[in-house]
Amino acid sequence: MSREPRINELTEKVQSYYPSADVELIRRAYEFSAKVHKGQKRASGEPYLIHPMAVADVIADLKLDVPSIVGGLLHDTVEDTLTTLDEVKNLFGGEIASLVDGVTKLSQVNFRSREEKQAENFRKMILAMAKDIRVILIKLADRVHNMRTLAHLPIDKQILTAQETLDIYAPLSHRLGIAWIKCELEDLALKYLHPEIYYQLKRNVAKRKVDREKYINEVISIISKKLEEEGIDADVTGRPKHFFSIYQKMESQNLLYDQIYDLVAFRILVDTMRECYEALGVVHAHWKPVPGRFKDYIALPKPNMYQSLHTTVIGPYGERMEIQIRTQEMHRVAEEGIAAHWRYKDGKDFQFNDIQRFAWLRQLLEWQQNLKDPQEFLHSIKEDLFSDEVYVFTPKGDLLSFPKGSTIIDFAYRIHSEVGHHCTGARVNGQLLPLKYLLRSGDTVEIITTRQQTPSRDWLKLAKTPRAKSKIRNWIKSQQRERSVALGREILEGDLGRYHLDYPTLHRQEKIEAIAKELGMKDEETLLASIGYGKITPRQVLSKLVPPEKLDGEKKPAEGALERIFRLVSGQKRDLSVKVNGVEDVLVRFARCCHPLPGENIIGFITRGRGVTVHVSSCATVLESDPQRKVDVSWQDNGQAPRPIKIEVSCIDRPGLLAAISAAITSADVNIARAQVRTFPDQKALNTFEVMITNSDQLKKVLRNVSRVKGVYKAMRAKG
């Protein structure tokens, strides 16, 4: 296809929803992009210009304004050509240059880097969204086309990009309310992460195509006729659920494809909100609703402004059917999300309304300002992106939304940190209930507090929201710090006394504060905590106060903090597979909560009396630990001894399957130390194996082998 018709198609699409659009500006951007990308090729061998054109086309599908279209055409010019940002600004203006700059910075975001860098990149993305939401929409359009053409990249790059898409961009598009982008990204990610499942689903769906289309047409005919009889003018459609949602259901419920029945979703579009409820009445009068499956997102919209009625009924032939009922305007918002809030007004350019309605974006901004620990910030963001909401009332009637699975603790911390810290329970709908109670939509909650109550580590198992978990962790960290400051002072005072130095006097003279700064510490308290944790020795402080000849002339050197703290374990055998940076001759133990394996990213924490405890970087326990205790650790290439790791295998309960699973494990050159089998009434079984694993690659091989056994639903590493 020649260039001119392609740019004509783009400008015509824009003019279809924005008649007075500045098409000349779009054409100039197209010509500039063609000029600077000339000679560049994509991995497919096609001219590079195809990519910015495709991105602009997706942006036009979102019905965005002209600066967004132009931003899409120019989004790679600064990063991938000799073009400068000043050049873009001079040619196309400050607004478009700002969009291109924002997208360029996001393009440099690498979500697979270390936690600190990854968290910093998240901060950039959130700030970019808050400054101009169009930046993230252009980036989403860029990701859509990259995923559509992912087949041309090497397999390892395909897997990394698909995982990043599933972790970050699909949840973001959901939070922005753009349903079609979310579904497409999820399906494409599944295609590259689990190709065997994707193509099996594709074959199964294709196999039933004729029967499914007949069923859809029959149901549409019945619904349309019933609505017409009641005088309701409606547009009724039916479609198969997208592959990823089917895969999720199979995973979460341990089902095979043949065991899933509600594979088709129906949608009823009407003109008014009143007709939504009337249509619901018609549907429920004709087919029995499934208890507990009705959701009213019209009265209680989702945080991304999605509105619809959802119900599941027992339809023809006894099959479950999911039906969504909404107005045409609600449907536009459901499909386009945040992009539906661009409005063309009074002959002026598009304006974006209602950014403040995105409470979750304000929450992200609050976190990026308040959560200083990068790992905790990252954890909070990922949890929030995937949350599903329940809606709860305060005693005054204010409506608050919480992630599904939230408890009274989450509600208490939402009210105030102090209310959370001292919460003992709540009156829910007038009934006294404990902290572990799971909030349900419609509950009215009144928190009960006492001054004697304080948070404990067990609260972290009950809390669901990132806010509550963060406040509890901060409390635990502050308690750890207080104890370590006290211990550090005690150790330092003892060593100072041997040289006839008085800590209170040095404190008043601000000498300890000065030494703290000299050693690169924030303040005196941080210095004392570091001594208490064993990160520095009192000798380092004494060297600033005592002449070297007197310090070195001691017959018996002063016992340092590390030696004192680890004295109890000095006789034990050290694990030589891990190197502790900056700490010599110290016991290393592996955390039982996550059982780190060579090849995994690890982090160490000084634990008084027990040396350095090594965790997997992503372990939840890491988030509860004071960062002051953190030390860098790394694996050593000196041959690893196998360690026991538990894996869980859920499968069909049938003869011979246990033997097949055992054979799959041993085929990876792995010994089984212990096995436990539990069977359930619905022909399912859960097997727990303790296997001797040398490194993370060997574990992946075991899980891969077991997953391929026919009759196995899921194989995964057991938690804890």
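Predicted model: local features only at pLDDT ≥ 70, side-chain atom pairs only at ≥ 80, totals over all residues.
Colleague: What is the mean pLDDT of the protein chain?
Modeller: The mean is 80. 81% of the residues reach 70 or more. pLDDT is the predictor's confidence in each residue, from 0 to 100.

Colleague: Where does pLDDT stay under 50?
Modeller: One stretch is residues 343-357, with 36 contacts beyond four places in sequence. Another is residues 555-573, with 33 such contacts. Contact means heavy atoms within 4.5 Å.

Colleague: New topic. How many salt bridges are there in the whole structure?
Modeller: The search finds 17. Each has a side-chain nitrogen of Lys or Arg within 4 Å of a carboxyl oxygen of Asp or Glu. Among them is Arg134 with Glu95, at 2.8 Å from N to O.

Colleague: Which helices hold Arg134 and Glu95?
Modeller: Arg134 is in α9 (residues 134-148) and Glu95 in α7 (residues 94-107), so the pair ties together parts 39 residues apart in sequence. Helices are DSSP runs (H or I, at least four residues), numbered from the N terminus.

Colleague: And how do α30 and α31 pack?
Modeller: Helix α30 (residues 657-666) and helix α31 (residues 696-707) pack at about 150 degrees, axes 8 Å apart. They are therefore roughly antiparallel, a label for angles over 145 degrees.

Colleague: Which residues make the contact?
Modeller: Ile661, Ala664 and Ile665 of α30 meet Val702, Asn705 and Val706 of α31.

Notes
Residues numbered from 1 in each chain as written. Heavy atoms only, no water. Axes fitted to C-alpha atoms, helices over the stretch in contact; angles between N-to-C directions. Helix = DSSP H or I, 4+ residues; strand = E, 2+ residues; numbered from the N terminus. Parallel < 35°, antiparallel > 145°, perpendicular 65-115°, else oblique.
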